[in-house]
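Here is a short report on selected contacts. Please look over the sequence and the structure first.

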Amino acid sequence: MKINPFLLLYQYLIVLPIVLILTIITALLTIILSPLFPNSRAANYPARWWSRSICYLLFIRVKISGLEKADPTRSYVFVSNHQSVFDIFVLYGWLPNLFKWIMKMELRKIPLVGQACESAGHIFIDRRNPMAAQKSLKKAENRLVKGVSVVVFPEGTRTNTGQMGKFKRGAFRIATDLGLPLLPITLKGSFERMPRHAFYVRPGTIEIIFHDPIDVKPYGNAISQELIKRTWDVIHEGM
């Protein structure tokens with residue numbers, strides 16, 4: 001697709017400085033509010049406002065279907081395909097449930113942002129260290145109480161091609177250990193907005209499709225390959 005030079009200038013000269021300022025404000029508010037109002041919508045509001053603002057500034061429209069399937073009073077393990085960085089913005093901005101991210105350890109090093117994420121109770125996982133990763137998953141399980149959920153991209157990283165990759169086991173371990181329902185989410189359009197390694201955001205629509213929750217209890221106490229495959233199929237069919 002041909003790059004619009006005027007849109008490129010707008011994104012770098014206007015949007016980028018605004019986003020940097022919004023990110024600093026959001027991080028500071030999160031660091032202040034999270035200890036005062038833990039696991040509350042008040043503490044979550046700055047990140048929600050930040051995410052929606054970025055989408056609006058970049059002319060990204062968000063279409064939602066099946067939202068009624070996510071009960072905001074229940075805890076879930078949300079699992080979603082991962083197409084681009086905008087997956088984070090649309091889920092942060094439009095997912096109705098209070099939740100914690102499971103994110104890679106490298107993000108902890110981002111100034112202010114890493115501190116804000118830690119203050120908000122998000123879980124950093126070191127995928128290079130299996131023992132540390134296990135401890136991080138246990139920490140995530142301890143935080144899934146009173147309607148607080150967790151969001152996981154089970155592919156582990158953004159797609160390079162737009163196609164879904166294999167699912168890792170972490171999300172399914174949490175759901176199985178706690179007997180929490182999995183709620184699959186399909187994201188469509190975020191790869192087209194900004195593929196991996198792109199430097200330019202293409203305006204358009206991203207669709208969030210909420211699927212029916214999956215009860216993990218019939219699959220037993222072990223991590224079931226059948227459960228992983230069923231979840232992958234549901235998300236893939238939504239694409």
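Is D233 buried, partly exposed or exposed? This is a predicted model. In it, D233 has a relative accessible area of 25%. Buried means under 20% and exposed means over 50%, so D233 counts as partly exposed.

**Salt bridges**

The structure holds four salt bridges.

| D233 | K229 | 2.8 Å |

Take D233 and K229. Both sit in helix α8. They are four residues apart, about one turn of the helix. K229 is exposed, at 53% relative accessible area.

D212 and K69 join distant parts of the chain, 143 residues apart. D212 is in the loop between β7 (204-210) and α8 (225-238). K69 is in the loop between β1 (60-65) and β2 (77-80). The relative accessible area of K69 is 28%, which means partly exposed.

E207 and K188 also link distant parts of the chain. E207 belongs to strand β7, and K188 belongs to strand β6 (residues 182-188). The two are 19 residues apart. E207 is buried, with a relative accessible area of 16%. K188 is partly exposed, with 29%.

**A buried loop residue**

Where does N97 lie? N97 is in the loop between α3 (86-94) and β3 (99-104). Its relative accessibility is 0%, so N97 counts as buried. The N97 side chain reaches the backbone oxygen of D71 at 2.8 Å. Leaving aside residues up to four places away in sequence, N97 touches R41, A70, D71, P72, R74, Y76, F78 and S149.

**Packing of α1 and α2**

Two packed helices are described by the angle between their axes and the distance between the axes. Helix α1 (residues 5-36) packs with helix α2 (residues 41-57) at an angle of about 175°. Their axes are 8 Å apart. Angles over 145 degrees count as roughly antiparallel, so α1 is roughly antiparallel to α2. On the α1 side, the contact includes Y10, V15, I18, L22, I25, L29 and L33. On the α2 side, it includes A43, P46, W49, W50, I54 and L57. What kinds of residues make up the contact of α1 with α2? They divide into 16 nonpolar, five polar and no charged.

How values were computed: Residues are numbered from 1 along each chain as its sequence is written. This is a predicted model: local features need pLDDT of at least 70, side-chain atom pairs count only at pLDDT 80 or more; totals for chains, interfaces and linings use all residues. Side-chain values use heavy atoms; hydrogens and water are left out. Buried means under 20% relative accessible area, exposed over 50%, partly exposed in between (1.4 Å probe, protein chains only). A polar contact is a pair of N or O atoms within 3.5 Å; within protein, one must be able to donate a hydrogen and the other to accept it, and residues adjacent in sequence count only if both atoms are side-chain atoms. Contact means heavy atoms within 4.5 Å. Axes are lines fitted to C-alpha atoms, for helices over the stretch in contact, and angles run from 0 to 180 degrees between N-to-C directions. Angles under 35 degrees count as roughly parallel, over 145 as roughly antiparallel, 65 to 115 as roughly perpendicular and the rest as oblique. Ala, Val, Leu, Ile, Met, Phe, Trp, Tyr, Cys and Pro count as nonpolar, Asp, Glu, Lys and Arg as charged, and the others, Gly among them, as polar. A salt bridge is a side-chain nitrogen of Lys or Arg within 4 Å of a carboxyl oxygen of Asp or Glu.
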